[in-house]
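Let's take a walk through this structure together.

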Amino acid sequence: MSTTGGATADPLAALGSLPGVADSVESVRKAVDRVYGHRIMRRRSNEITSEAALRGARGSAALSGADWELEEVRRRSDFSGDDEARVVGAALRLTAEAGQLLSIWRQSPLRVLARLHLVAAADQVDEVGRPRQQGEPVDEPLITQPLPSAAEVSGRLEGLSELVIAGSSAPALVTAAVVHGELLALRPFVSRNGLVARTAERIVLVGSGLDPKSVCPAEVGHAELGREAYLAAFDGYLSGTPDGMAAWIAHCGKAVTLGARESTAVCEALQRGAA
């Protein structure tokens, strides 16, 4: 999606009126409300938030090629051993960092994205925390579509930043899906773009007030739906067509709904344990 120019004052709101998007938004809202209405959330919400963070990091890492069992992620303390371990470690660091950046996002989204990449790619030296330069290779094995030029990346990042700062009447799901999709399309950094994109989606969902306690990890749902479905929906985003954009937003909505379902199950398990 090109986020620069155009006649529509609020292009995100226009996406919210696409066929089927309202149904996705309503399904997400009902799923989120079920989690927040659970009696366990009133007494042990911090535990649910911590568990959602762990499961979300595990899901995001799985999409980036490190598909570890949840208990292995929970057990490990050293994530420096090999490429997969470093991916999982990056996902965990990003999840922890996201909560610290909520207040900055609406004022300076580009600063937040730079910080996220710095956290995710701490093992790299010269290329972290800045958009890639022309000719620099990108390590993002899941996303194989042609790379936009560095100049296009710069322009579209500025456009995305302007949209975020200006605000929108669009539902949080729509904004989160566009931020996620645009970062996947641009791959603005030399590495860890998928992890950064999914963390940015989380920041939008939490910062918008849809999921203020961060207990509905979309990353869990993205992983559960699988790589094939993720990439097929992303192709819809890249197409820029109304149907393609609606399909991507719906996919992101399903992911949030599945994340909410996961945390509802955690609440049920804690309730059974307390009984």
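Before going on, a word about where the values come from. This is a predicted model, so local features need pLDDT of at least 70 and side-chain atom pairs count only at pLDDT 80 or more, whereas totals for chains, interfaces and linings use all residues. Residues are numbered from 1 along each chain as its sequence is written, and side-chain values use heavy atoms, with hydrogens and water left out.

Now for the overall build. The chain has 13 helices and zero strands; here helices (H or I, at least four residues) and strands (E, at least two) are DSSP runs, numbered from the N terminus. With a radius of gyration of 18 Å, close to the 19 Å that the globule rule gives for 275 residues, the chain is as compact as a globular protein of that length. (That radius is taken over C-alpha atoms, and the rule is 2.2 Å times the number of residues to the power 0.38.) Along its principal axes, the C-alpha trace spans about 60 × 45 × 35 Å.

What share of the 275 residues is buried? Buried residues make up 51% of them, where buried means under 20% relative accessible area, exposed over 50%, and partly exposed in between (1.4 Å probe, protein chains only). Contacts, meaning heavy atoms within 4.5 Å, also tell you something about the fold. Among contacts with a separation of 6 or more, 74% are between residues 24 or more positions apart.

Let's look inside. The largest nonpolar core has 80 residues, and Trp105, Leu113 and Trp248 touch the most other members. Its largest share, eleven residues, comes from H9. Such a core is a set of buried Ala, Val, Leu, Ile, Met, Phe, Trp, Tyr and Cys residues joined through side-chain atoms within 4.5 Å.

Find Trp105 in helix H6 (residues 102-105). Trp105 counts as buried, at 6% relative accessibility. Leaving out residues up to four places away in sequence, Trp105 touches Val112, Leu113, Val164, Val179, Ala200, Ile203 and Val204.

Next stop, Thr175 in helix H9. Thr175 is buried at 15% relative accessibility, and beyond its neighbours within four places in sequence, Thr175 is in contact with Leu12, Ala170 and Val204.

Arg187 has a positive phi of about 40° although it is not a glycine, and at 2% relative accessibility Arg187 is buried. Arg192 is found in the loop between H9 and H10 too. Arg192 has a positive phi of about 60°, again without being a glycine, and a relative accessible area of 16% makes Arg192 buried.

Finally, is Ala122 buried or exposed? Ala122 is exposed, with a relative accessible area of 54%. Look for Ala122 in the loop between helix H7 (109-120) and helix H8 (150-166).
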